[in-house]
Amino acid sequence: MATIANARKQNVIDSPPVTIAYEHPWVVRFAHWVNAVALLVLVGTGLQIFRAFPSFGPKIPQKNLIDVPKLITLGGWLGGALQWHFTFMWIFVASGLMYVIYQLATGHWRQVLFTARDIKGVWPMARYYFFFGPKPVVDAAYNPLQKLAYTSTVFFGVISTLTGMALYKPVQFWWLAWLMGGFHLARIWHFLSMCGFLAFIPGHLIMVLLHGWNNFYSMVTGWKRDPEYVE
Amino acid sequence: MPDDINEEQKPPEADPGPADQSDAHAAQQVPEDAATHEEVAAPAVLRTTGPAGEPVRSVSAAERRRMNRRELLKLIPVLALGAFAVPKLREPLLNEGLHLSDWVSGKLFGRQRLAQTFRDSDVVAFERFPYNYYDVADPGVDLERWTLTVEGLVQRPGDYKLSQIQALPKVTQNTRHVCVEGWDVIGSFGGTRASDFLRSIGADTSARFLEAECVDGYYESIDMGTVLHPQTLFCYEMYGKPLDRGHGAPLRLQMPTKLGYKQAKYLDTIRVSNVLRADKRGYWEDQGYDWYGGL
């Protein structure tokens, strides 16, 4: 006890105390990083798979929609990409479910779910983020723009999973394929849900670089230094 | 969170020597260390808890480092994903993933669940039904002398003429042909139910697989559940005409519950079996496609 007391004394002399908040429990951080890796793999291999038939039209005549550069794909070839895709889809869904179930069980979803009340706060926050507006008062754990971003990732996750199921098993999950307007459209929805993620990821990373080192840190250790809701 | 964190931060860090034993209440009455203390004690708190519901705390820098380190260590399990980056582990892991997917696919398969069938007006024009082959479009089958060789767990193995297969009830169906590449076409197919033919020759339908070898060297193997599916055909007609050479004349597999690469063309030999040779699961499967290939 004496040594602990001494050490404590030392620290006080060395540096003032810091305010910290435990923001992200282990489940959330674990799910976040596993999901991030899985998403990277699924997008990279998904683009490789798309290269095999880069069109949403008929096979004959085939009109290619876009030429996906080989450089940004993963898996090497169609078969390799499918192996990665069919492996990481489980990891993606498992980590996604882990997060969603945890949020529901703890009630934390209320803090991050984007609702109608958040709509009016999106623009001021965006303005502040892009350096042409004052900083809005932050009195919640997440600001409206964050809520929109994080809620949309769950939405894209659900859509990409359901559309993926319809594509993977259009006969067994015929009702899913039917809900989506058939196999053909399911493939388009699956692609668009990836586009949703592709829209989110750069914004997310830029925000972390510009404003969110503390946020990044708290997604690693859970503890956030000087949280903005404590001025 | 464990209690020790609360405990350790409770005593005011600025409290020197003997006052160490004093509680927070006593500390607030000591004005000497107010400089650092007040920042902590009286912030303009908008909220007092983080998103996880944990109270905001004030700790020493060293304590913060210690707490961070401990939480960081808890994330070590994430590094397990790094196994996919190790070349030696990658292939076995991906094979496991593929096996899991195939296993689930087999469980999901409804033996009597039918693939959607379409009206004649939904069928794509014959010219727009792609010819897909891995080697040559026409392996030069001698259609006059062609027979289907049947081997394995059947009571009457041997060579069967096309006419013997055609003598069984004919089924025609307009179904979707889905390629692993992502394209699909609705075509018109006619043939004999695989289950009818296999039963007519006394095949052991409790066996696990039907293997197929083709004139062009292609080979495939299908799970018996799919083989016995009512829409699985030994197909000898497309669009009401005998199968042409590009589409696999004289006989091919046609299964609307499977991807295109499973639907072997130019059938030469079929074998009912319980064991698959590791390097003979299927031409594309042996290179990495998933074996089940089910829709």
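Two strands are taken to pair if DSSP finds at least two bridges between them. In this predicted model, three strands form an open sheet in the order 2(A)-1(A)-1(B), with antiparallel pairing. Strand 2 (223–225) of chain A and strand 1 (57–59) of chain B stand at the edges, and because each has a single partner strand, one side of each is left without a neighbour in the sheet. From one strand to the next, the twist averages 40°. Strand 1 (residues 18–22) of chain A runs antiparallel to strand 1 of chain B and is joined to that strand by three bridges; A:Thr19 has B:Ser58 as its bridge partner in strand 1 of chain B. Helix 4 (residues 61–73) of chain B lies across strand 1 and strand 2 of chain A together with strand 1 of chain B, and runs at about 110° to strand 1 of chain B.

The two chains also meet through helices. The axes of helix 3 (residues 78–106) of chain A and helix 5 (residues 87–108) of chain B come within 8 Å and cross at roughly 70°, and these two helices are therefore roughly perpendicular to each other. The residues of this contact divide into nine nonpolar, five polar and one charged; among them, A:Trp84, A:Phe86 and A:Trp90 are in helix 3 of chain A, and B:Leu93, B:Leu94 and B:Val104 in helix 5 of chain B.

The largest nonpolar core holds 93 residues, and those that touch the most other members include A:Phe88, B:Leu148 and B:Leu198. Helix 2 (residues 26–52) of chain A gives the most to this core, with ten residues. Leaving aside neighbours within four places in sequence, B:Leu198 is in contact with residues including B:Ala203, B:Met224 and B:Ile270.

Definitions and conventions: Residues numbered from 1 in each chain as written. Chains lettered and ligands numbered in written order. Predicted model: local features only at pLDDT ≥ 70, side-chain atom pairs only at ≥ 80, totals over all residues. Heavy atoms only, no water. Axes fitted to C-alpha atoms, helices over the stretch in contact; angles between N-to-C directions. Helix = DSSP H or I, 4+ residues; strand = E, 2+ residues; numbered from the N terminus. Parallel < 35°, antiparallel > 145°, perpendicular 65-115°, else oblique. Contact = heavy atoms within 4.5 Å. Nonpolar A, V, L, I, M, F, W, Y, C, P; charged D, E, K, R; others polar. Core = buried A, V, L, I, M, F, W, Y, C linked by side-chain atoms within 4.5 Å. Buried < 20%, exposed > 50% of the residue type's maximum accessible area, 1.4 Å probe, protein only.
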